[in-house]
Amino acid sequence: GLTPPALYRYFPNKYAILHELGRRLMEAQDEAVFAWIHDGGLNTQTFEETVESTLRLQKEVNEVTRAFPGGAWILRVMRVIPALKEVRLESRELVAKEVLDALRETLPDIAEDRLVTATRLTIELMFSATEMAIEAPEQADNITQEVCFLVASYHDRLRQNP
């Protein structure tokens with residue numbers, strides 16, 4: 001309901017608007033991840049439990065993104081506009097820290113450097129899957145299931161080969 005001149009009283013340019021929208025979208029996604037961690041999402045013992053838990057998270061993040069006004073477009077611009085890259089990276093670092101802290105408890109026998117790498121890789125993989133699911137809604141279920149299978153396979157391998 002704002003006119004463009006009124007909007008530009010609060011934001012110096014369109015990139016500042018996109019930056020704020022990107023920050024809010026990333027915050028909403030991050031909150032879904034934090035709630036999942038808090039609810040024990042990483043406390044799984046079997047491959048099947050890990051797939052199911054990861055599937056719950058991925059579906060939630062996808063839904064948060066779909067429900068966010070302009071969510072698909074915000075993801076697109078954050079990918080192509082260098083000035084918005086920092087928003088995505090800040091979010092990923094925040095999520096990585098929380099996931100890593102929880103994984104240290106879940107997988108205590110894994111070397112720290114390996115756990116850091118595993119955390120970063122799985123977070124990026126799942127974020128990419130969200131982008132793919134939003135871009136191709138007709139393939140969203142398959143993309144979501146496959147990425148969760150990949151993440152669970154990785155975690156299962158970590159458990160078996162610390």
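## A greasy patch on the surface

A patch here is built from residues with over 30% relative accessible area and no salt bridge, and nonpolar side chains are joined into one when they lie within 5 Å. With that in mind, and remembering that this is a predicted model, take a look at Leu125, Phe149 and Leu150: they form a nonpolar patch on the surface, and together they put about 260 Å² of accessible area on show.

Leucine 125 sits in helix 6, which covers residues 112–135. Its relative accessible area is 35%, so leucine 125 counts as partly exposed.

## Helix 2 against helix 3

Next, a pair of helices. Helix 2 (residues 14–38) and helix 3 (residues 47–67) have axes that come within 9 Å and cross at roughly 155 degrees. Angles over 145 degrees count as roughly antiparallel, so that is the label for helix 2 relative to helix 3. As for handedness, the crossing of helix 2 and helix 3 is right-handed.

## Salt bridges inside a helix

Side chains of opposite charge can pair when their charged atoms come close. Counting a side-chain nitrogen of Lys or Arg within 4 Å of a carboxyl oxygen of Asp or Glu, you get 13 salt bridges.

One of them is in helix 2, where arginine 23 and glutamate 27 lie four residues apart, about one turn of the helix. Their closest N and O atoms are 3.1 Å apart. Both partners are partly exposed, with arginine 23 at 33% relative accessibility and glutamate 27 at 43%.

## A salt bridge between helices

Arginine 79 and glutamate 135 meet through their side chains in a salt bridge, at 3.8 Å from N to O. Arginine 79 belongs to helix 4 (residues 71–80) and glutamate 135 to helix 6, so this contact ties together parts that are 56 residues apart in sequence.

Are these two buried or partly exposed? Arginine 79 is partly exposed at 47% relative accessibility, and glutamate 135 is partly exposed as well, with a relative accessible area of 36%.

Note on methods:
Residues are numbered from 1 along each chain as its sequence is written. This is a predicted model: local features need pLDDT of at least 70, side-chain atom pairs count only at pLDDT 80 or more; totals for chains, interfaces and linings use all residues. Side-chain values use heavy atoms; hydrogens and water are left out. Patches are made of residues with over 30% relative accessible area and no salt bridge: like charges are joined within 9 Å, nonpolar side chains (Val, Leu, Ile, Met, Phe, Trp, Tyr) within 5 Å. Accessible areas come from the Shrake-Rupley method with a 1.4 Å probe; for residues, only the protein chains shown count as cover. Helices (H or I, at least four residues) and strands (E, at least two) are DSSP runs, numbered from the N terminus. Buried means under 20% relative accessible area, exposed over 50%, partly exposed in between (1.4 Å probe, protein chains only). Axes are lines fitted to C-alpha atoms, for helices over the stretch in contact, and angles run from 0 to 180 degrees between N-to-C directions. Angles under 35 degrees count as roughly parallel, over 145 as roughly antiparallel, 65 to 115 as roughly perpendicular and the rest as oblique. A crossing is left-handed if the near helix is turned anticlockwise from the far one by less than a right angle, and right-handed if clockwise.
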